[in-house]
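Please consult the sequence and coordinates while reading.

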There are 2 protein chains.
Amino acid sequence: MAPAHDHSKQNAIDMDKARFQTSFSIAEVRDYLYNGAAQWRRREQIREILSKDAHFDKSKRVYATRKQLYIRGQAITNRLYELQEIHRWSPDDVAIALSLSDENLSINLHNVAFEPVFRLQASPELYSKYATLIANRGIIGCYLQTELGHGTNVGHLETTATYIPETREFEINSPSLTSTKWWIGALGKSATHGVVQAKLILPGGNDFGPHLFFIQLRSLDTHQVLPGRIIGDIGPKAHGAYAATDNGFARFDHVRIPKENMLSKFAGVTDEGGYVTPPHAKLSYGGMLYIRSGMVTSAGWHIAKGATVAIRYATVRRQGELGPDGLERQTISYPSLHVRLIPLLARAHVFIKLGRALSEGFEALARGLSSGDTSHLAEMHVMTSGLKVLVSTTAIQDLETARRSMGGHGYSAFAGVGRMYADYLPAATYEGENFVLDQQVLRAALKAFRALFSMTPPRAAASLSPSSYYLRLLLDKQLVPPELGPDSWTHPATAILLLEWRAALLVHEATQTLAAPDATATQRVSRAVTEAFVAARVGEMIGGLSKTLKQREAALVEKVYILYLLTTIESALVDLLSFGLFRAMPTGDPPRSRDPTRALRLAIATLCGELLPQAVGLSDAFGFSDWELDSALGVYDGNVYETLWARAQEEPLNQTEVTEAYEASIRPMLLRGQSMAATKPKL
Amino acid sequence: MAPAHDHSKQNAIDMDKARFQTSFSIAEVRDYLYNGAAQWRRREQIREILSKDAHFDKSKRVYATRKQLYIRGQAITNRLYELQEIHRWSPDDVAIALSLSDENLSINLHNVAFEPVFRLQASPELYSKYATLIANRGIIGCYLQTELGHGTNVGHLETTATYIPETREFEINSPSLTSTKWWIGALGKSATHGVVQAKLILPGGNDFGPHLFFIQLRSLDTHQVLPGRIIGDIGPKAHGAYAATDNGFARFDHVRIPKENMLSKFAGVTDEGGYVTPPHAKLSYGGMLYIRSGMVTSAGWHIAKGATVAIRYATVRRQGELGPDGLERQTISYPSLHVRLIPLLARAHVFIKLGRALSEGFEALARGLSSGDTSHLAEMHVMTSGLKVLVSTTAIQDLETARRSMGGHGYSAFAGVGRMYADYLPAATYEGENFVLDQQVLRAALKAFRALFSMTPPRAAASLSPSSYYLRLLLDKQLVPPELGPDSWTHPATAILLLEWRAALLVHEATQTLAAPDATATQRVSRAVTEAFVAARVGEMIGGLSKTLKQREAALVEKVYILYLLTTIESALVDLLSFGLFRAMPTGDPPRSRDPTRALRLAIATLCGELLPQAVGLSDAFGFSDWELDSALGVYDGNVYETLWARAQEEPLNQTEVTEAYEASIRPMLLRGQSMAATKPKL
């Protein structure tokens, strides 16, 4: 008998072949994704340091309890700032190191929620007292907004901050169980201080709504919780995710803080208890916008991780029919599979670059905001709302698509994608519940529509902001949707225009049916408006490719971006067909098809087929190391079966041949069964 | 200042009100779901016993390691069979108790995979030797099919069973790393025996493909692994789910077993090594069909659990706008939310009853199969394949919809729905990867189409099996799709017919484009065919309601079933619009809508609105106790905030005021920061 084919050796061969057929410069595309070779090298250097440091070893974490994972997270955090000193890392370097830690660390809440809010809104006096301590983590802070009974809707928070003119103090109080601050990251066991959202009550009982107050929570000497506060961890999260973060609760029992502790840069209280009006009521949203603005790029990197793992695994996994080499086919060769996976690559590439472009814009807006310029705040708010919904929903779905594409092995914890999914999952509900955000996008779209048509003649297209530029299509009766022809899907223009038409017609429809909207209108409009905005940006990105990339790479990335647009069109088919926007010309191939969507579907399949030989290269361009991915199925060299085998040997259950459960439970069960079988008649 | 409204007291008031407005007999609908009051009472009695037994306490499991959860699972299993003795439970009672245990126990693999395959395929000799022991769990078995390198495609398994005529033995061997049996439930640390799928090699080296062999794995005296076997647990699963199941691996090094150990009821080997042909090649699929046939009802119960939790929480959670009572509105009152949740109720109700009807049919078919009647095997195979994809995909999605509908708190482990999701998730990939199953449905549909038109004149509609009955629509040129009018969505007929037309036209399209199918055709056709089949069954179920239920309850359940049909239509809109099946009449309300799907969307919103006052009642009818749901957000009395608070207090991190991480990591970090802040210039 001939020796069996060695499938596990074949894996490395398959992976080598896939890389050999890559026909573009991976390094160039990688540098493009990382905004330059220098950025990439910096990241690689930091990664080398972390991956060799025992604190950042990931091999045991899957067996740890949640408590151990929290303690490990704090050890990682401390080590990270030790390394900062040792290697003289810049703040940007530390941010890179934090993102590389592959843990949702409590300190992120200090850095991303607590510190920015403090910087933006503390009075000069409070700022000078604490800013240096905060910047160096001499105190660790958290941002206490959400309550047990109230989420994003800050207007209904129950916690009160009552001003006592006699002592020039505020009294922070939790009047009910539901007013307990809840979900507050870093509060549970770590933070020494916090910024708390509370209703400002001035003498006479007048409620001025939510304001921010700086409050100490734990002793700097003993870390004991200070009197009047009841503080703890809210317990584990779904899927065991976010274990390192001590999301916490806090109740305040008439805790006094000095008047200076109000974050009063934009709204204050006089010594006597008079209210000093803020210049712009929405200024306190600044913090949330800051967090949201990074979500597009972050979603892209999350999809990128899942896509890298799934594409590598599908490249080495063989299954089903025999291929030309006499072996079962690589699963990625099945159109049904790669038509699901290559679009993940496309979305990752688009979101990473789109997010970078947007973040730069947001930073400029935020600078204006801090000096009181609020002219772009509404626009910024709508854009981030819609984008947050779009990218979080998409990334969650894509990570699960990646996991599921790997069949049975995708359900192993060692596959790693489950963990990516679980840690990313709260993006759908934190920083604004997606449904609430959709409503805001709808409202803004209706407002823009009304503003446009409220004048006679209506305002010119040039007056439209980027988020409502699609409305220009309604201004000119001469404009008609594009007719679909054989070339519609090879260039980006038709897809972009169709998505803009869809937004325009859906917003128009919404204005016509305001009196009796159906229950799905909000979500549809929000999605349509946001996708039109993104499509236009992708069009601009395509236009700029030749300036940044060489010809071969630019042509490849253009294809990737076009695939993004086509799959967006595919997901929008219900709207496009409903509103008569999908007037496909007969394709004649084959002549008897009655499906108007067939040309689009074939175009997507063709484009995926064209990108298929570059799929491993395009995922290599994300630049992830094996340590970063922590996935047995996504290893760079393709040796997935050896890796799964090796990892399984570390399972604690395998450290004793006979399980403890044997004496306690299995043996009694077997003995009982054997004695029953002996006494009972044969079946 | 007036005392704050007590939101947590309001919860119980809201829940009471919701129950007060229930206008049907919950008990009657519950008995209908459980197939009779006696079944329900039996379940309730068993539940009472389990929920009071300390072995089945769930309060600590969220903090346990995977190893502890496995050991707990075995203790639960042993206890369960002790209770069987104590209470003289029937096998059906034990099955109820197992389903109530709320754990994926290893013993399920013995009961559902190992024993049925053994019963179906063991020779009379082998059967008489082991059947009584197996039935009483005097030995514990597993079913070893999947290998590290191969999944559902049994044809390519590598493990060999070579017949040695000299000693009348088979030699079981794992020739490569990838031939390692992998994912085998109960193998890792529990099973004493197994049925292994291996390629039968007869003298001369002829490979007869996969066959089944009975093999001992561990000593019955010491539980040590027997010589020649390398066995262990494959490690943790995604999201920490399925922790109690010891999915295992096994390698065999030329292990000899007696010839009698071949499961040879349908295929055997002569003493000399000649092959005895089986009467039907697909007989070995029997085991998988058995498992799949229970999946419809099971999916229904899973959705039911998630829906119960989400609907109860949305009934007591208040958020956003103020309602007529001056309080924030109950979140379930928002159409955008209940239009997402009520359809979950509908799908749960449909799948539970549909599954029961199908299982009865399958049992009859299985009885025929065991006596050699294979005439319905193909039909049964197609139906279970399509249904398995449909219900698993749907239930996974619905559980996540339920979880996400609860906003931030839905991400707490205490919400419970994350766990339901994670434990159900592998349904998408086990027992046949969904994509492979879709292909089988497509292939069967094309075959049925060809068979129908291969005769002149084509065969009559009466010859069509239930799974291809929709093809009758293509037989008569006079038949045209229904035109949509104002009443289309108030009765089931139009929706069912539309779904059948969609299946017919998609299958026809598939036959026309076979030469160049697009990459999504398989999935679309499979879905369309299966949904047409289900829709027709739902139509029959509606027809039978008045025989089982009183008028009021029958009318209510009819509405629930119609909602199922309408939301299926909604999810099929791309197909319906593409193939010109959605020819909506102008609704005139409001006159200027251009959206042909508007009437459907409004009908769904209206129906959800009508069912809204019954939503809590309809979920109460599932009959879950708090112990069963194990969800702080789904408690029967609505006291969600008290429950969340109480559960958080048990978090291990909260058992010491100052965390162990303080001395080790937090304090060094704070001190470093403070010293840096003291020496650095103020920012």
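A salt bridge here is a side-chain nitrogen of Lys or Arg within 4 Å of a carboxyl oxygen of Asp or Glu. This is a predicted model, in which local features need pLDDT of at least 70 and side-chain atom pairs count only at pLDDT 80 or more, while totals for chains, interfaces and linings use all residues. Residues are numbered from 1 along each chain as its sequence is written, chains are lettered from A in the order in which they are written, and side-chain values use heavy atoms, without hydrogens and water.

Q: Which residue of chain B meets R672(A) in a salt bridge?
A: Across the interface of chain B and chain A the rule finds ten salt bridges. In one of them the N to O distance is 3.9 Å, and the partner of R672(A) is E85(B).

Q: What is the area buried between chain B and chain A?
A: Buried area is the accessible area (1.4 Å probe) that two parts lose on being put together, summed over both. Carbon and sulfur atoms give 61% of the total, which is about 14100 Å².

Q: In what order do the three strands of the open sheet in chain B lie?
A: Strands are DSSP runs (E, at least two residues) numbered from the N terminus, and two strands pair if DSSP finds at least two bridges between them. Strand 4 (181–184) and strand 7 (229–233) of chain B are the edges, each pairing on one side only. The pairing is antiparallel, and the order is 4-8-7.

Q: Which residue is the bridge partner of I184(B) in strand 8 of chain B?
A: Strand 4 and strand 8 (residues 248–252) of chain B pair in the antiparallel sense over two bridges. In strand 8, the partner of I184(B) is G248(B).

Definitions and conventions. Helices (H or I, at least four residues) and strands (E, at least two) are DSSP runs, numbered from the N terminus.
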